Number of protein chains: 4
Amino acid sequence: MKNTATLLISCPDQKGLVAGIADFLYSHNANILHADQHQDSELKLFLMRVEWDLGGFDLDTADFERAFAPLAARFGMVWHLALSTRRPRMAIFVSKYDHCLVDLLYRHQSGELHCDIPLILSNHEDNRKLADFYAIPFHHIPVTQGNKEAAERQQWALLDEHRIDFIVLARYMQVLSAEFTARFPQRIINIHHSFLPAFLGAKPYHRAFERGVKLIGATSHYVTETLDDGPSIEQDVTRISHRDALEDLIQKGRDLEKVVLSRAVRWHIDSRILLYANKTVVFD
Amino acid sequence: MKNTATLLISCPDQKGLVAGIADFLYSHNANILHADQHQDSELKLFLMRVEWDLGGFDLDTADFERAFAPLAARFGMVWHLALSTRRPRMAIFVSKYDHCLVDLLYRHQSGELHCDIPLILSNHEDNRKLADFYAIPFHHIPVTQGNKEAAERQQWALLDEHRIDFIVLARYMQVLSAEFTARFPQRIINIHHSFLPAFLGAKPYHRAFERGVKLIGATSHYVTETLDDGPSIEQDVTRISHRDALEDLIQKGRDLEKVVLSRAVRWHIDSRILLYANKTVVFD
Amino acid sequence: MKNTATLLISCPDQKGLVAGIADFLYSHNANILHADQHQDSELKLFLMRVEWDLGGFDLDTADFERAFAPLAARFGMVWHLALSTRRPRMAIFVSKYDHCLVDLLYRHQSGELHCDIPLILSNHEDNRKLADFYAIPFHHIPVTQGNKEAAERQQWALLDEHRIDFIVLARYMQVLSAEFTARFPQRIINIHHSFLPAFLGAKPYHRAFERGVKLIGATSHYVTETLDDGPSIEQDVTRISHRDALEDLIQKGRDLEKVVLSRAVRWHIDSRILLYANKTVVFD
Amino acid sequence: MKNTATLLISCPDQKGLVAGIADFLYSHNANILHADQHQDSELKLFLMRVEWDLGGFDLDTADFERAFAPLAARFGMVWHLALSTRRPRMAIFVSKYDHCLVDLLYRHQSGELHCDIPLILSNHEDNRKLADFYAIPFHHIPVTQGNKEAAERQQWALLDEHRIDFIVLARYMQVLSAEFTARFPQRIINIHHSFLPAFLGAKPYHRAFERGVKLIGATSHYVTETLDDGPSIEQDVTRISHRDALEDLIQKGRDLEKVVLSRAVRWHIDSRILLYANKTVVFD
């Protein structure tokens, strides 16, 4: 089984950065497996992802922070260390539409998604049987006009109890409160069924159909306070024609949504995504 | 050389339509080469394109209207007949950006576009040499804040004089007046450098870059009074990543624009486009 | 619920064909919903698909053949009539890989595939639990070097017993005998994990990886006697790069295989595919 | 104007490599603009591209080799240094088809291709006028059954005289001799009008049409002794249907060929391509 560490770094771009990081890793006998970096020349920003084999690495991961701190301070780094042996804990929120849920659960079972799924939360009972088949605990928390706040408190309690790292909204048809999204910065992934920023908001396929577009799209993004405006993680499109009725758009769209959401989830789990300026860099 | 007639028909959907049209053509000994039709079940609309060989067709095209009129009246058809031997006359409007112009002129020369190009109109001198190389008359009509109306009158005079059938805006950086667009309904084709309705208006690549989209697009459409809102004819996208700077978007976008515009122009010339409900049906 | 008839026709191209068919349908008060046709000018071949509403159609489907026979004879038609109320019966063959099976069963359950699935046949036990979840009978027929003939006899017996119309090989890892394929002409659909004719035969992803291709593909096709040479129904590709290891190709390929196979299955069920000259025409 | 150096490195993968390179550059005060690396874990190979600003770099490029040699020797590097101020010199070979030539010359003129084009070589006169328009010297060297060897000697003489760095075969319809290709290892780029390895050899569109494929492709690759088998640089595809006749494939294919060839040429010029195991790594 893989035993690697992945370091994500953001900081102001400056000379000596790569040398500093590479020297640090080499001095502790790291065997680098992958390294990718990006410099934004306009914003003078440096972003890096580096993954190394922990076999032979002479620094205990518990000591990493202390050892890395001087370098991080010198360059003003924001950094995060992820270990392949520490699987992130993902919660899935779903309503009635099940295609994204089916897709995520199958990918998880088949080993594509290196995470644990301690729970599925839904405002409907419909998907319990599916959750049971994959042996994932399913919690039904109804959400109504009046009980939204209470429902979110219930959700939080479960998320806390299960030490959830991040949330995937697999066509969850409720808008989360600003308070909720603020608690999970860059840790809620949503799928929107349009090529954002086209067709923000409700019923994007209907509006795409009326507009007579020649391609339909889907966008996975981190959720922020502003609806459908968080940083895009992945987007894709598929061609349609006048031969496609609205139902055909919806059906073709489902295939897009599944793929576009699952890519984002995999990249998030594998620590491949860095954020800046309301954008993502994906080191794929 | 090809000698065919193409009939475009729109009318309310009703029983007996196809039989009526097919019988009419068969009774005049037409050899049908292509036929395509579309029914919009919601709007109860019937759209058809049929192309036949004129060899053996026993109706003189001059007599077609009179002969077809009773059928057209019976079904309430809006129809248009195009002859392959009658090449449409296209005017190109261009400013300084030349990539779409280069592309159209090359495609025309190589036989991809079955039209005549009696003139190129530009608000700048820059592209005269290119026009000369392809032996297309080039007219420089400067457009300023103050002379817009006068400039359009000059343009109209030239378009009338050369009996222009339709206009292609090959990255023409001036907004046409409502009066102008009204004179050429469904006969002005524009290329917009975004996947409409995302990034309407100015500087779409800049805004796409800032938004952090993962795909950039281009849209060719008929020009209507409302800016960037006319019916889309063709759209396409290309993938970008964080490794692409703004200039890379612009460069990749040029390849999209050329292809997306030229497809629209070819379909228009070949009478493949029908309009309804601010959408296009393309019988490709 | 939809109540329509779909007629597929192939015959030598000749004048009066469309008129003949349209007159026939109109004379029986058919309300045509979709019609699509194709003429191969080189082979002088005419292909048509026409679908009409059976509400108001004055011909009992039992009488259709007798009524249509004179016209069919006059033009030398090969034709087939399908009724939306008569769901085709599909058998799925599968081995251990389950991604295509999972995908087909989900699409069936969600209403995308208008067919019945009386049975799944497998040479392994692995997928029984999945079949149970979707309540589809699962039959385990082991195939070994020595018992192939006997196994196929068992399979035939089940296919006959369940009056199976067509078979889908959802990554079934056994080559069917020529005798078997001959029993189901144009009625066995396979998914091959390459862009055929590149990488025919075994281990296409391994060979694509070694060859250093920039795109990987998948092909769904009808099975004929010659391995991987039957008429292609659908193909698609996805981009890869040097950052993709062999396992990444296999993982990305799974998404392709699912989509490319399911499109073929849906088109087959909806009577959208016509064959000629070892090719398919798909009236999508 | 840009004043940068780009270093391409291949060597066995080993610890300390990145640190060694980064330290070297930092010690000479390099401001790194882009860095990309790839490790092939199976072949234990390390590949890197690093580009830095020469402003502030304290090593004269004439001294680079001497200064870098110890590090290169220690790690067994194969390396190459390219300077943005030293534009590579490209020769274009062309026959009668002009679409790729038109495209390359336009891209060159518009600043997309940072190279010089000292000459165009052709076995036909047809494209002289076009070369004249772009003011590129055009040399007509007829190639016949009997004079091939003599013709290649003439070509060599011109290539030597003009100190050509690399050759682009822009639909050049002659097979180069093994002796010729051996003289320009990894320095001849060809465009093949299929998705290789499908449809190797002559008339790929004809064979794709007969095979009934659903996508057509194009492949740009380095030329080696074995026809159509050199390492692929770029590939792309476009969708076709039964509505596309052979001429439509050829026309759609032209758009593919232009884009796929020009990307390869740009990447080659910008030192973005590394080779190993008959594959390319493109640091785009």
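How many salt bridges are there between chain B and chain D? The count is eight. The model is predicted.

**Chain B against chain D**

The contact joins 19 residues of chain B and 19 residues of chain D. About 1,800 Å² is buried between the two chains, 45% of it on carbon and sulfur atoms. On the chain B side, Tyr106(B), Phe133(B) and Arg243(B) lose the most area, together 31% of what that side buries.

One of the salt bridges pairs Glu112(B) with Arg254(D); their closest N and O atoms are 3.0 Å apart. H8(B) gives the most, with six residues. By class, the side has five nonpolar, two polar and twelve charged residues.

**Chain B against chain A**

Here 36 residues of chain B meet 35 residues of chain A. Arg211(B), Lys214(B) and His242(B) lose the most area on the chain B side, together 26% of what that side buries. Asp229(B) forms a salt bridge with Arg211(A), with the closest N and O atoms 3.8 Å apart. S11(B) gives the largest share of this side, seven residues. The side divides into 14 nonpolar, eight polar and 14 charged residues.

| Chain B with chain A | Value |
|---|---|
| Buried area | about 2,900 Å² |
| Share from carbon and sulfur atoms | 50% of buried area |
| Salt bridges | seven salt bridges |
| Polar contacts (both at pLDDT 80 or more) | 14 residue pairs |

Conventions. Residues numbered from 1 in each chain as written. Chains lettered and ligands numbered in written order. Predicted model: local features only at pLDDT ≥ 70, side-chain atom pairs only at ≥ 80, totals over all residues. Heavy atoms only, no water. Contact = heavy atoms within 4.5 Å. Buried area = accessible area lost by both parts, 1.4 Å probe. Salt bridge = Lys/Arg side-chain N within 4 Å of Asp/Glu carboxyl O. Helix = DSSP H or I, 4+ residues; strand = E, 2+ residues; numbered from the N terminus. Nonpolar A, V, L, I, M, F, W, Y, C, P; charged D, E, K, R; others polar. Polar contact = N/O pair within 3.5 Å; in protein donor to acceptor, adjacent residues only side chain to side chain.
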